Amino acid sequence: MGKSHRVLASHALDTLLAALRDDGYRCVGPQLRDGAIVFDTLHHAADLPWGWQDEQAPGHYRLQHADPSRAFAWANGPQAIKPLTFAPRETLWESRIEADGRMQFTATLPAEEKVAVIGARACDLAALRLQDQHFLEGAHADPYYAARRRNLFIVAVHCTAPAATCFCASTGDGPLCTAGFDLALHETDEGYLVDAGSEAGTAMIASLSLPAATATRVEQAETAVAAAGERQTRGLPSRNLRDLLFANLDHPQWDDVAARCLSCGNCTAVCPTCFCHAEHDVPLLDANLGRHEREWDSCFTEGHSYLAGIVIRSDTRLRYRQWLTHKLGGWHDQYGRSGCTGCGRCITWCPVGIDLTEEVARIHATGGGHD
Amino acid sequence: MGFDYSGFAGRRPRVAVHKFSSCDGCQLAFLNAGEALLAVSELVEFVHFAEAGPVDPDAPADIAFIEGSVSTPEERERLDHIRAHTGYLISIGACATSGGLQALRNLYADGVDTWRQAVYASPEYVASLDTATPVAEHVKVDLEIWGCPVNTAQVVGVLHDLLHGVQPTQSRDKVCLECKRQNAVCVMVAKGMPCMGPVTQTGCGAICPRYGRDCYACYGPAETVNTDAQGNRLIELGLQPADVTRRFHFINSHAPAFRAAGNKHRSE
Ligand code: SF4
Ligand code: SF4
Ligand code: SF4
Ligand code: SF4
């Protein structure tokens with residue numbers, strides 16, 4: 001582990017995929033679909049988005065042609081790797097009333113499917129760490145999440161092409177991947193540099209018998225990643241905005257943003273750290289059977305704050321405030337850091353282009369942020 | 001008259017499916033159930049459902065579904081009669097919940113006369129009210145199921161709830177959240193299409209964005225909608241004000257939130 005990079009030629013990516021498949025993994029990787037770069041089952045390295053990059057701005061995403069020798073010249077797609085571990089919708093249990101009248105419950109745990117995801121970014125890994133804290137490290141680990149998580153092999157790719165919406169350097173989560181991967185790749189003009197971050201990753205590299213990379217090449221690659229971080233223009237004024245936000249619950253900016261916000265929940269749905277979900281029973285005509293599901297929810301829905309007959313956060317002002325104060329404030333109390341890893345997705349995929357860094361900047365400027 | 005949700009004491013509830021001014025498409029939500037319809041017909045007794053067989057519009061029913069808007073004098077009277085003979089009344093589809101497409105005539109002072117003359121060879125045979133209106137504007141409705149058309153999961157789900165003594169509900173969240181759960185790529189952000197998902201009620205499974213087209217708001221307004229922000233965004237995406245009006249007025253023009261939003265850009 002550490003600085004023991006190996007060299008993987010560009011044309012040898014298929015060898016890596018084959019080795020993962022031999023180990024029983026289904027490979028999942030980025031590819032073009034519907035005008036975006038999305039994660040899906042990856043059969044051949046040729047299906048990677050060679051020669052494509054993403055142009056991102058508030059409420060705006062377009063693909064553009066880029067260097068055809070690069071498969072990872074883009075920043076990030078509409079969805080992080082979150083759905084691989086936290087399913088958008090899943091059955092938690094089924095029930096059946098037996099002939100003797102007793103009710104039997106069966107947990108419907110996901111199949112133990114080994115999945116190797118290729119192309120995770122530093123912001124994704126930091127977010128996965130937070131999701132692990134939420135789903136696995138509390139008093140009651142979530143067995144559904146756990147079943148997927150323990151079968152996940154992560155091939156991260158250090159980011160050299162941040163979008164205009166990215167600010168992982170500001171949150172301290174990227175663009176270099178420093179932890180939470182099995183393998184990490186640098187994409188360079190002369191192929192890939194591979195480093196292991198786990199025992200499984202080390203074993204994988206050993207099985208591929210790859211030549212060692214020179215220190216100079218590793219240094220050059222890391223310089224390129226650092227430069228990518230320096231090109232980022234967005235940012236948050238501090239890595240801990242908890243006190244600022246909670247001291248400004250009546251700031252007029254909440255009204256200002258509420259006039260623009262659709263309360264659509266897209267920001268929470270694309271955020272790689274949001275974990276909220278709702279549960280309900282699925283109507284089945286056979287009265288003896290029951291099925292209990294959970295699905296992604298959002299603090300922008302009425303159900304999210306429905307309590308004993310009333311909706312606590314009945315308007316958009318309160319909902320947007322919940323999103324921002326939880327994400328950048330409450331997470332410090334719950335998980336010891338901010339819930340934002342700087343991926344910029346909530347900015348790009350907001351249909352009206354609301355930018356949390358701008359909202360924070362306005363509250364910071366007028367709400368006592370300057371000390 | 002309060003409805004007793006405690007079930008039907010072992011007997012099959014009587015169910016009626018009534019048609020008013022509509023295209024008949026929402027009734028297909030039952031027929032499309034396929035095998036499940038056989039299961040349903042063992043659990044309930046269809047006393048009136050012209051599209052499926054039994055015809056007895058005057059039969060008293062425990063549960064009645066109404067498709068279609070109130071747009072003729074005869075319908076206005078028939079509705080009172082049905083309400084008086086029904087336990088739990090459910091309006092289904094855009095026509096019954098918001099007046100539907102035909103409610104476009106409500107936006108014009110002389111809409112009915114002008115269009116009746118333009119469309120029919122012998123307009124004197126057509127008896128219409130000046131407006132096409134939702135069922136709930138006339139009688140008490142116990143549940144509304146929005147959509148154009150509604151789908152099988154919705155109607156069967158509601159029947160299931162009532163059979164089990166549960167008060168049925170319908171999610172009024174926006175289409176967007178379901179669009180994300182389905183892993184669709186947002187057509188508004190990635191293609192600049194004038195998607196109505198951010199103001200439209202869920203229930204369809206985000207079908208349109210999943211097939212690469214923009215939601216056209218057939219399920220009506222969601223809860224807590226910001227039609228001003230939506231309208232402004234459509235203009236930014238290149239729509240003319242008249243097109244924004246059409247986006248809001250297309251199917252559910254009589255729903256207050258959409259009517260006002262469309263009129264705002266109409267008068268500008
Ligand atoms: S808050 Fe926005 S920028 Fe931060 S991690 Fe979530 S989606 Fe990414
Ligand atoms: S409350 Fe809102 S911001 Fe916090 S995790 Fe849930 S959806 Fe995300
Ligand atoms: S900030 Fe944007 S994405 Fe989030 S709820 Fe508001 S309009 Fe939707
Ligand atoms: S495609 Fe439409 S429904 Fe889907 S997220 Fe975008 S705006 Fe919402």
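Predicted model: local features only at pLDDT ≥ 70, side-chain atom pairs only at ≥ 80, totals over all residues.
Let me begin with Pro175(A), which sits in the loop of chain A that runs between helix 4 (168-171) and strand 10 (183-188). The bond that joins Gly174(A) to Pro175(A) is a cis peptide bond, with omega at about 0 degrees. As a general point, most peptide bonds are trans, and most residues other than glycine have a negative phi.

Chain B has a cis bond to show as well: the peptide bond leading from Cys148(B) to Pro149(B) is cis, and its omega is near 0 degrees. If you want to find the place on the screen, Pro149(B) is in the loop of chain B that lies between strand 5 (143-145) and helix 6 (152-163).

Now let me turn to phi. In chain A, please look at the loop between helix 5 (199-208) and helix 6 (215-231), where you will find Ser209(A). Ser209(A) is not a glycine, and yet its phi is positive, near 40 degrees. Is Ser209(A) buried or exposed? Ser209(A) is exposed, because its relative accessible area is 62% and the term applies to values over 50%.

In chain B, the residue to look at is Thr224(B), in the loop between helix 9 (207-210) and helix 10 (227-236). Thr224(B), again a residue other than glycine, has a positive phi, near 45 degrees. With a relative accessible area of 25%, Thr224(B) is partly exposed.

Note on methods
Residues numbered from 1 in each chain as written. Chains lettered and ligands numbered in written order. Heavy atoms only, no water. Helix = DSSP H or I, 4+ residues; strand = E, 2+ residues; numbered from the N terminus. Buried < 20%, exposed > 50% of the residue type's maximum accessible area, 1.4 Å probe, protein only.
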